[in-house]
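Subject: The structure I promised you

Hi,

Here is the structure for you to look through. Open it beside this email and find each part as you read.

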Amino acid sequence: MHRTPHSSPHLRVMSVLGLLAALLLPLGMTFAPRATAAPAADPIRVMPLGDSITGSPGCWRAVLWNRLVDSGYRDIDFVGTLPPQGCGQAHDGDNEGHGGELVTHVADQNLLPGRLASTRPDIVVMHFGTNDVWSSISPDRVLAAYTTLVAQMRASNPDMRILVAQLIPMNPSSCAACAQRVVDFNARIPGWARTTGTDRSPVTVVDQWTGFSTAADTYDGVHPNASGDNKIAARWFPPLAAALDAGVPPGPGGPGDPGGDPVACTARFRAVSTWQGGYQGEVTVTNTSASAVPGWTATVVPANGARLTQVWNGALTTAADGTATVTNAAWNGTLAPGASATFGFVASAPATAGTPAATVTCAGRAPAG
């Protein structure tokens, strides 16, 4: 006997809903789709770029990664086409540190665009040129290669934020002239950066040379040991944290644009630490007006021939005479009446400079209206 199949309760409900929908559609009524959770923000992608000092094994990257995580940075992703190489601590080890590579070779052979396309970084952390200096390639050629790489980075991401190191010292037994060559090359980097950086894609110089000892901080006069890894990571951390905090560089009218009439503020300088040939300083900007300000600009005139080479928690512009202008980062520009923001810096100084000193002034940006 043929049995007529019974429809399940689920099918009967679906049939009723389908009929209801057919009746309501002519009346212009539709069912709202189910709400879905908003997608999580993409992590900020950081490419460590360089040679064996960065990649073989480049354990300063592990130290830096863990310091960032311990400081609360979670949405970050170190990227590169090369895998990690140990280092004895958990970290995101992807990198672009190719042992033995010359920055001039990377530029001449057009190697970077493919690596950028594979990894899509937002920030590049670059310690690159040691092998070029060792090979006695002129600073002009190395800086021209830097310029080529920066143009390729911006072609990949117009908002690329670029941190460029003044190289750690080098004193290998097979190259007596290398130590001075590094000094000569490093002296050229700040001037190159001033003409290469833009508001949209800033270039920040990070002094990795000062306070680094080839005797105490390398195992062969070139490559860092554990002490050197810690020093390198400590120098990268403040400007990289500032870049991560800043997000997309501000455009016209954003927090970095002074705009409008200045309003009252004060600036106070203090020396944090000193060493032969330089010091670390700090400036505190305080809003002394009766209303909130959406941004500020500080001017730092270091005494005795010193020059600012690195700034964190702000964006640095340096004039030919050494006068430094620092504008707020995207996250610390708004100051309520009486509120303060602090930025730090590293300055190079002649050996005869004496006690660090600087004249500092500031201007707050008036609210739009």
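A word on the ground rules before you start. This is a predicted model, so local features need pLDDT of at least 70 and side-chain atom pairs count only at pLDDT 80 or more, while totals for chains, interfaces and linings use all residues. Residues are numbered from 1 along each chain as its sequence is written, and side-chain values use heavy atoms, with hydrogens and water left out.

**Salt bridges**

Side chains of opposite charge can pair when their charged atoms come close. The rule for a salt bridge here is a side-chain nitrogen of Lys or Arg within 4 Å of a carboxyl oxygen of Asp or Glu. How many salt bridges does that rule give? The count is nine.

Buried means under 20% relative accessible area, exposed means over 50%, and partly exposed is in between, with a 1.4 Å probe and protein chains only.

Next, Asp108 and Arg141 meet in a salt bridge at 3.4 Å, N to O. This pair links distant parts of the chain, 33 residues apart: Asp108 is in helix α4 (residues 103–108) and Arg141 in helix α7 (residues 139–156). Asp108 counts as exposed at 55% relative accessibility, and Arg141 is partly exposed at 44%.

Then there's Glu282 with Arg270, a salt bridge at 2.9 Å, N to O. Glu282 is in strand β9 (residues 278–287) and Arg270 in strand β8 (residues 265–275), 12 residues apart. Glu282 is partly exposed at 22%, and so is Arg270, at 44%. Also look for Glu96, Glu101 and Arg115, which are joined into one network by salt bridges that share partners.

**Helix α7**

Back to the helix that holds Arg141. α7 has 18 residues and spans 26 Å from its first C-alpha to its last, close to the 26 Å expected at 1.5 Å a residue; the expected span is 1.5 Å times one less than the number of residues. Its buried residues include Val142, Leu143, Tyr146 and Leu149.

**A pocket and a cavity**

On a 1 Å grid over the protein atoms alone, a cavity is a set of points where a 1.4 Å probe fits but cannot get out, and a pocket is an open set with protein on both sides within 12 Å along at least five of seven lines; lining residues have an atom within 4 Å of a point.

The second largest pocket has a volume of about 390 Å³. It is lined by 19 residues, and the closest to its centre are Gln166, Ala187, Thr210, Thr309 and Ser348. Which element gives the most to this lining? That is α8, with five residues.

As for cavities, the count is one of 30 Å³ or more. The residues lining the largest cavity include Tyr279, Asn304, Gly354 and Pro356.

Happy exploring!

How values were computed:
Helices (H or I, at least four residues) and strands (E, at least two) are DSSP runs, numbered from the N terminus. Grid points are joined across faces, edges and corners, and a volume is the space filled by probe spheres set on the points.
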